[in-house]
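Here are a few friendly notes on the aromatic rings in this model. Please have a look at the structure first, and then we can go through the points together.

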Amino acid sequence: MARWQQSRFALFKLIGMSSRRNFLAAATAVTAASAQTSGARPLNVIYLHSHDSGRYLQPYGHSVVTPNIQKLAREGVLFRRAFSAAPTCSPSRAALLTGQCPHRNGMLGLAHRGFSMTDYRRHILYTLRDAGYTSVLAGLQHIAAKRETIGYDELLQPRSQRAADVAPIAAGFLNRRPSKPFFLDVGFFETHREYPKPGAEDDPRYTQPPAPIPDTPGGRLDFASYRASARLLDRGVGTVLDALERNGLAENTLVISTTDHGIAFPRMKCNLTDAGFGVSLIMRGPTGFRGGKVVDTMVSQLDLFPTICELTGAKPPAWLEGRSLVPVVRDNSPELHDEIFAEVNYHASYEPQRAVRTQRYKYIRRYDDRTAPVLPNCDDGPSKSVWLEAGWRKQTVAREQLYDLIFDPNEQNSLAADPKAESILSDMRGRLDRWMKRTDDPLLKGPVPAPAGAKINPVDQTSPQEPIVDARN
């Protein structure tokens, strides 16, 4: 049976069901498959991703000037409540690209420190390859020690992973005006530390640090430097988007702009707060992803793989954990998930944690006996220095934390010990327990083992730049 016939048969089966959502999903699949077989131009996919940006970009209302990303948001769809599956670099990226949470895809720590995915054939490039796509990597990937391991059809060769070098290389690929549908992965080092020195347009004297960073000279300088890095990121994004337009590819290309996790400041990156695993997500393309829409639905980066499958006509693999965003965008569905989950295993140091987030509440659970902060899991910088000088090392971290995200959006006042919140705490515990069992979480059996040869910082160190040791010791 031809592909378009198979898609139409699936549609006819679903028409008999009462679910309007199923009907719309099937109709989209038919449209996508027909585009692949009828001679119409198939949908290209560009995955633009930054490093450590959270939602601290202009389209989210922050004083971070990123006009090209702002333009993308005005032309596409901006998701206000998007979350990664982990607030750490390699696990977050691997989850997005496999559609599986980190403890299922195997990426439990940092790729450059000896961690890896269990099966790289679960990367979305293989699903798209089966649908006729070519895959191209430009710049940073951070899911494998060697990028050749992943399996891209073409590896572009920028001089560095900085936006100034990556973006022209990616634009050069687009200048070829490829005739075959492509998945172009464009990864930028920005806005990872070390940040550039801020210029006059990012004067620290007139900069407000983000919560929870105190308004001090060090905090102002730190965020001004972040802003300077975001400007470089934005220029790179602009170079790629300009190349799309110039080569007549914009109308049939889905652009996905996102990041891995929160910014590299205390209580953000590598934390299970919203500031830790909350991310920017902007999508622009045909089939409804246009018009400057703003979506408040709570979504996960795990939803991107099934979304791409639906829009391209690629067959979604059985292991996917997310749900397509198409009904949210096209049908204005108010909600997609009752709950989403995130995790930390290894970053610079081992710090096992799990979290569940609902529309109203956040529950975080730690899985070791340590009650002091794991300082190597916060990147060095002026803001960290401010906290250290004020006695951060002596602070205590509760094993369980429960936050009301309406009255306490910055997650400062845990309700875990409040008798009035006992029923809510019990519900959130149950949600997390059921997810861990359903996904066969290794923490249920004790400490998560690291692979042979993996390197970490001892938890009692202060900086990730201190000497590392074998994770199995």
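Is F265 buried or exposed?

1. F265 is buried, at a relative accessible area of 0%. Buried here stands for under 20% relative accessible area, exposed for over 50%, and partly exposed for what lies in between (1.4 Å probe, protein chains only).

2. A word on the basis: the model is predicted, so local features need pLDDT of at least 70 and side-chain atom pairs count only at pLDDT 80 or more, while totals for chains, interfaces and linings use all residues. Residues are numbered from 1 along each chain as its sequence is written, and side-chain values use heavy atoms, leaving out hydrogens and water.

3. Rings of Phe, Tyr and Trp (its six-membered ring) pair if their centres lie within 6.5 Å; planes under 30 degrees apart are stacked, over 60 edge-to-face, and the rest tilted. The count by this rule is 12 aromatic pairs. One of them is the stacked pair of F223 and Y226, with 5.5 Å centre to centre and 10 degrees between the planes.

4. Both F223 and Y226 belong to helix α8 (residues 217-246), three residues apart, or about one turn of the helix. F223 is buried at 3% relative accessibility. The rings of F223 and F265 make an edge-to-face pair, with centres 6.3 Å apart and planes at 70 degrees.

5. Ring pairs join Y56, Y195, F223, Y226 and F265 in a cluster. The charged end of R193 sits over the ring of F265, 4.8 Å from its centre (CZ of Arg or NZ of Lys within 6 Å of the ring centre and within 35 degrees of the ring normal).

Definitions and conventions: Helices (H or I, at least four residues) and strands (E, at least two) are DSSP runs, numbered from the N terminus.
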